[in-house]
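This briefing walks through selected parts of a protein model, grouped by topic. Keep the structure open beside the text and find each element as it is named.

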Amino acid sequence: MDDAVRSDPPRPGPGDPTRPSGEDAAIEVGLDAMRCRGDWTVLRVAGIEAWLARGAAEGLTRPRDGAATAPIALDCGALRSLDTAGAWLLHRVIATCERTGRVVSLAGLRPEHAALLEMVAATAAEAATALAPEPSALARLGETVWRGGGQTRELLVFVGEVATTALRSLARPARIRWRPILYNVRSAGFDALPITGLLVFLMGIVIAYQGASQLRRYGANIFVADLVGLAMLRELSPLLTAIIVAGRSGSAYAAQIGTMKVTEEVDALRTVGIPPLEQLVLPKLVALTIALPLLTVYADMLGVAGGMVMAKSELDVGFADFLERLQYALVLSDFLVGIGKAPVFAGIISIIGCFQGFRVAGDAESVGHRTTVSVVQSIFAVIVADAIFSIVFNRLGI
Amino acid sequence: MTTETTPHDPMPTAATDAQRPIIEIRDLHTRFGETVVHDGVDLEVREGEIFALAGGSGCGKSTLLRELILLQRPQSGSIRIFGREILGLDDEQARSLRRDWGVMFERGALFGSLTVSENVGLPLREHTTLGDALIDEIAAVKIALAGLPPSAGAKRPSELSGGMRKRAALARAIALDPVLLFLDEPTAGLDPLSASRFDELVRHLKRLLGLTVFMVTHDLDLLWRVADRVAFMVEGRIAGIGTMEALSTSQEPLIREYFYGPRGRGAREQAWKRR
């Protein structure tokens, strides 16, 4: 039987799910000899791995008389087949024994298996040096902070580059690209009308509804116009519009520029002499600066309309009364305060969206990551800016 | 199990070993709508050889490769791999079959979200129960075997050059020590020096791991220097099959054009000089 096995059996039946001919890799350990059996192939070596993991090789191979340097024979005559994974484990068995000071003499190894073992041993030395140590928690924290700081600096550099590009464009107005600007006004502004209108209208209803129960208690029904008008015009409609646009258009900017970076279109633009910032960023910035204030005006109207509908049904304040009261409640500065924030929000959204787009490096996953980051960062920055506006306006008494 | 010689015949002689077909394609027909892609393809790949499928662009060689690796189904015909009919396998059978071959795609198809080492370890994690540390070590061996420096393992595919990406793709293809290796345009997009190193690599791996290699290529240097046998495909049929020497004397006009065009002649002269 032993002879039959030794006479070069073919590889275990490929394509056969049950693999009847396979035999799990095994190793028998005696005092001064070890014997490998079975198929030392990737699907059958799990036992050897476990055996090594138990540290069995170190304990079992030490001879009883204490002569730790006694040679040990490794008989591979019954080794049916060997692949890279098996060779790697065989190498580990040998290396483990040699670490305990014993010399391993191989016997019965077929020439093609010996070649494989030799190759694996050669790469092992190389691979061992390659594994970089895992960084400690402190090192990782430091790296994160350092990267965050670097990103802020890069953002500032980007803002500066965009500003100089914008000035250069102003100096040569003929080079301003009107077509992409108009296209972006349409896609970021006009196409966003339905969703913005719906959300702000619902917000007007909610504000009026929440206010109604309080106002009714004091018989101050008519002041619902003050409530809705001020809340909408000063705060909610600019903020909501900016958040919707950040999700809709800021993400699209990041994804578009990011994909163009992956496919080297950005580099191609540069080589034909078109500065990418001029072609890709300025039109978006200009378009959004035009579109977002317009969207905000539209949102003001629909938000107030939502409040009016609720005032009529809940508080019996008719449309005419509501509008008349609104004239007294609001002054021009309330409207301008809201509209005035919109261009700033537009700048934040387009700059962050484009910046993250340019930070894409390499692959599809990076595009997705950068797009997400652009939305999160621009919404965050919009809210922070809004808070700063509130403080400043408060101090100025507007 | 049929009565024919099973792959685990206990006493195979050297002669039957070399003759045993690994891939047998019989009367294969493929159509995409009205377009006929394969019009009766017959082909046999023997164990232990490096077999190349050549032909002009759009002649159906990539489709044939996709059919062999179960990504596409022909309309009719028979494909036997390791002596088993592969058309109409269930999922479990297909899975076990896929474990026995490796595929290297033309553009590498490395997963961008994983490092090279994780890419190579992926088939091992999927098909074996080995521990993570061991899988990483085996992946490192494969990466070295594919001729990449050890530092490449921790990199993302996007950080590699085109040639290194090909090698990483090859390392993943041989992760499970397959019996059969499919290569789709292995040298496309490589500079001549990298391409000739890749030739050496394929031959070296074949010797070391005892692979059978099936490759689709139109790189004439690769055909001359690496392939044991070449099949030449023209308009959905095999127009000629044999060693490059035999094919180069073929009277088939399209094959002659292929070999005796300006580039074909150059590659042939180079090959003769080297021999």
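In what order do the four strands of the open sheet in chain A stand? The order is β1-β2-β3-β4 (chain A), and the pairing in this open sheet is mixed. The model is a predicted one.

- From one strand to the next, the twist averages 20°.
- Strand β2 (residues 33-40) of chain A and strand β3 (residues 72-82) of chain A run parallel and are joined by seven bridges.
- One position to look for in this sheet is A:Trp40, which stands opposite A:Leu82 in β3(A).

**Two helices in chain A**

- Two packed helices are described by the angle between their axes and the distance between the axes.
- For helix α13 (residues 332-358) and helix α14 (residues 364-396) of chain A, the axes come within 9 Å and cross at roughly 155°.
- An angle over 145 degrees counts as roughly antiparallel, and α13(A) and α14(A) are therefore roughly antiparallel to each other.
- The crossing of α13(A) and α14(A) is right-handed.
- A:Phe335 lies in helix α13 of chain A. A:Phe335 has 16 other C-beta atoms within 10 Å, so this residue is partly exposed.
- The C-alpha atoms of A:Phe335 and A:Gly229 are separated by 9.3 Å, although the two residues are 106 apart along the chain.

**Two helices in chain B**

- Helix α5 (residues 132-145) of chain B has 14 residues. From first C-alpha to last, α5(B) reaches 20 Å, close to the 20 Å expected at 1.5 Å a residue.
- Of the 14 residues of α5(B), 11 are buried, so the helix is largely enclosed by the rest of the structure. Among them are B:Leu134, B:Ile135, B:Glu137 and B:Lys142.
- After α5(B) comes B:Gly147, which has a positive phi near 85°.
- In helix α10 (residues 253-260) of chain B, the residues B:Ile255, B:Tyr258 and B:Phe259 are buried. Seen down the axis of α10(B), its buried residues fall within an arc of 90°, so they line one face of the helix.
- The other side of α10(B) has the exposed residues B:Pro253, B:Glu257 and B:Tyr260.

**Strands in chain B**

- Chain B has an open sheet of four strands in the order β2-β1-β4-β5, with antiparallel pairing. Its edge strands are β2 (35-46) and β5 (84-85), each of which pairs on one side only.
- Strand β1 (residues 21-32) of chain B pairs with β2(B) in the antiparallel sense over nine bridges. B:Ile23 is opposite B:Val45 in β2(B).
- In a regular strand the side chains alternate between the two faces of the sheet.
- Strand β3 (residues 50-55) of chain B is mostly covered, with six of its six residues buried. On one side of β3(B) are B:Ile50, B:Ala52 and B:Ala54, and on the other are B:Phe51, B:Leu53 and B:Gly55.
- β3(B) pairs in the parallel sense with strand β8 (residues 212-216) of chain B over four bridges. The bridge partner of B:Ile50 in β8(B) is B:Val213.
- β3(B) also pairs in the parallel sense with strand β9 (residues 229-234) of chain B, over five bridges. The bridge partner of B:Leu53 in β9(B) is B:Ala231.

**Positive phi in two loops of chain B**

- Most residues other than glycine have a negative phi.
- B:Leu70 is not a glycine, yet its phi is positive, about 65°. B:Leu70 is in the loop between α2 (61-68) and β4 (76-81) of chain B.
- B:Glu185 also has a positive phi, near 50°. B:Glu185 is in the loop between β7 (180-184) and α7 (192-209) of chain B.
- Which of the classes buried, partly exposed or exposed does each belong to? B:Leu70 is partly exposed, because 16 other C-beta atoms lie within 10 Å. B:Glu185 is buried, because 21 other C-beta atoms lie within 10 Å.

Conventions
Residues are numbered from 1 along each chain as its sequence is written. Chains are lettered from A and ligands numbered from 1 in the order in which they are written. This is a predicted model: local features need pLDDT of at least 70, side-chain atom pairs count only at pLDDT 80 or more; totals for chains, interfaces and linings use all residues. A residue is buried if 20 or more other C-beta atoms lie within 10 Å of its own, exposed if 12 or fewer, and partly exposed in between; C-beta atoms are placed from the backbone. The arc is that of the directions from the helix axis to the C-beta atoms. The expected span of a helix is 1.5 Å times one less than its number of residues. Two strands pair if DSSP finds at least two bridges between them. Axes are lines fitted to C-alpha atoms, for helices over the stretch in contact, and angles run from 0 to 180 degrees between N-to-C directions. Angles under 35 degrees count as roughly parallel, over 145 as roughly antiparallel, 65 to 115 as roughly perpendicular and the rest as oblique. A crossing is left-handed if the near helix is turned anticlockwise from the far one by less than a right angle, and right-handed if clockwise.
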